[in-house]
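Please open the structure in the viewer and keep the selection panel at hand. The stops below are given in the order in which they may be selected.

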Amino acid sequence: MKRLGIPAFIAPGLVFAAIACTETRNTDPIYIAATISETGPRSISAIEMENGYRMAVGALNFEGGIQGREVELVTANDQSDPDAAVRHYHAFVERVDLLLGPYSSPVTAAVLDVTEAAGIPLVAPLAGTPTIWAGKGRQWSVQMLPSATVYLQGSVEIAAAGGARTVALVYEDTQYPSSVASGVREAAGAHGLEIVLDRSYPEGEADYLALASAARDAGGDLFIGGGYYEDAIGLTRAVAQVAYEPLLISLSLGPADPRFAAEVGDLARCVTGNAPWISTIGTSGFIAGSERFAERYEIAHGRPPGYHAAAGFGAVELLAEAIDAVISPDGNFDRAAVRDHLFSTTTETVLGPFGVHPLGDGQAGAQRSLTGLQVQWQDDGAGGLVQRIVHPEAVAQAEPCYLR
């Protein structure tokens, strides 16, 4: 039964249909499962995603669930290991109703072979590598993030506008960072910038000082690339340690995290990166709007949410909206109907616009509505730093700053 008069979380526009109380109505929990990198090299961002999952499920159940059926979130630790995740998803498909994705492109790519074969809808909140969907004929899995190839292209444009002529590109040699790097190469060519260093490093084996020194010696006006959160921290510190003074630093993932400036201090000034969402953007999903989500997240966790948390929250919103759209008067729903809704709907979540290539398309399930932002840490006028959108111009909150 829906609880009324509790506006603390649910968006005003969310109204569940009246539920007839009958003896035959299905009121069993809806089981939704995902693996989380509770440990391993990707745990920092993965736990943020999990926080979003749990907050959204809690909000749904606080309001009585989805048309009278509460949601149970089932999780397991994949340790950032694709093989471990595959084992867990094999177990999930035998006993749950619907699925959420793990964190990162390599782990997501591995589990989709399992979930697609089982015919269970899966929403992947944090997998940006385009090859996971392109040409794969996906029929059950949808992507929330835009393609990783566009993530840092805006930073190349910003650097070119600021006078950059050369690019030093370093990146982790795994799926997602390699896709980001391919987009950087494309944008550099489009803006007439010369790539003077193009260097990959093995996963977990980055020598940050050596990479920053090589970029300095190559004369890169734009220092760009990276891998995951830890790489952004390491590379930012290394730039200062080797006295490298590029015009602009742009790194994937790290600068978008609200904790980045606290980690590296004043070194964060003018560092740029991609973010599909920050809390100052007005978005509204099936469960909540961005303002309410950010407020409740900070109360729960003592810090503002980053886009990893918003993506996790938004993924649950998508599944809940799909279930709500197709559930029958007796409380049952068909997985194929949920899948059809996910592949055909155009909607919005806390993360932003959602819409994917339809079934039968060469990129079926790949995101085509959400676009990325370039965010930058800038002086807040009171001795601190604040995260601001600097690209695209239509939504920019400030002009970009440069390091020289």
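This is a predicted model: local features need pLDDT of at least 70, side-chain atom pairs count only at pLDDT 80 or more; totals for chains, interfaces and linings use all residues.

Select valine 107 first: with a relative accessibility of 1%, this residue counts as buried, because buried means under 20%. Valine 107 belongs to helix α3, which covers residues 105-118. Display its surroundings next; beyond residues up to four places away in sequence, valine 107 touches Asp78, Ser80, Asp81, Pro82, Ala85 and Pro102. For a view across the model, draw a C-alpha to C-alpha distance from valine 107 to asparagine 332: the two are 31 Å apart in space and 225 residues apart in sequence.

From the contacts of valine 107, pick serine 80. Serine 80 sits in the loop between β2 and α2 (82-92). Its phi is positive, about 65°, although the residue is not a glycine. In general, most residues other than glycine have a negative phi. Serine 80 counts as buried, since its relative accessibility is 13%.

A further positive phi is found at glutamine 67, where the angle is near 50° in a residue other than glycine. To locate glutamine 67, go to the loop between α1 (43-62) and β2 (71-77). Is glutamine 67 buried or exposed? A relative accessibility of 11% places glutamine 67 among the buried residues.

Now select threonine 129, in the loop that runs between β4 (122-124) and β5 (141-143). Which side chain does threonine 129 join through a polar contact? The partner is serine 105, and the contact between the two side chains spans 2.8 Å. Apart from neighbours within four places in sequence, threonine 129 is in contact with Ser105, Gln143, Ala148, Gln175, Tyr176 and Ser179. Threonine 129 counts as buried because its relative accessibility is 1%.

The next selection is valine 242, which lies in the loop between α7 (229-241) and β9 (248-251). At 11% relative accessibility, valine 242 counts as buried. Show the residues around valine 242: setting aside those up to four places away in sequence, the contacts are Leu209, Ala212, Ser213 and Arg216. A C-alpha to C-alpha line from valine 242 to proline 276 spans 31 Å, with 34 residues separating the two in sequence.

Proceed to a helix pair by selecting α10 (residues 307-326) together with α11 (residues 335-344). Two packed helices are described by the angle between their axes and the distance between the axes. Here the angle is about 120° and the axes are 9 Å apart, so α10 is oblique to α11. The crossing of α10 past α11 is right-handed. To examine where the helices meet, select Leu318, Leu319, Glu321, Ala322, Ile323, Ala325 and Val326 on α10, and Ala337, Val338, His341 and Leu342 on α11. By class, this contact of α10 with α11 comprises 9 nonpolar, 1 polar and 1 charged residues.

The last stop is proline 392, in the segment after β14 (385-391). By contrast, most peptide bonds are trans.

Note on methods:
Residues are numbered from 1 along each chain as its sequence is written. Side-chain values use heavy atoms; hydrogens and water are left out. Helices (H or I, at least four residues) and strands (E, at least two) are DSSP runs, numbered from the N terminus. Buried means under 20% relative accessible area, exposed over 50%, partly exposed in between (1.4 Å probe, protein chains only). A polar contact is a pair of N or O atoms within 3.5 Å; within protein, one must be able to donate a hydrogen and the other to accept it, and residues adjacent in sequence count only if both atoms are side-chain atoms. Contact means heavy atoms within 4.5 Å. Axes are lines fitted to C-alpha atoms, for helices over the stretch in contact, and angles run from 0 to 180 degrees between N-to-C directions. Angles under 35 degrees count as roughly parallel, over 145 as roughly antiparallel, 65 to 115 as roughly perpendicular and the rest as oblique. A crossing is left-handed if the near helix is turned anticlockwise from the far one by less than a right angle, and right-handed if clockwise. Ala, Val, Leu, Ile, Met, Phe, Trp, Tyr, Cys and Pro count as nonpolar, Asp, Glu, Lys and Arg as charged, and the others, Gly among them, as polar.
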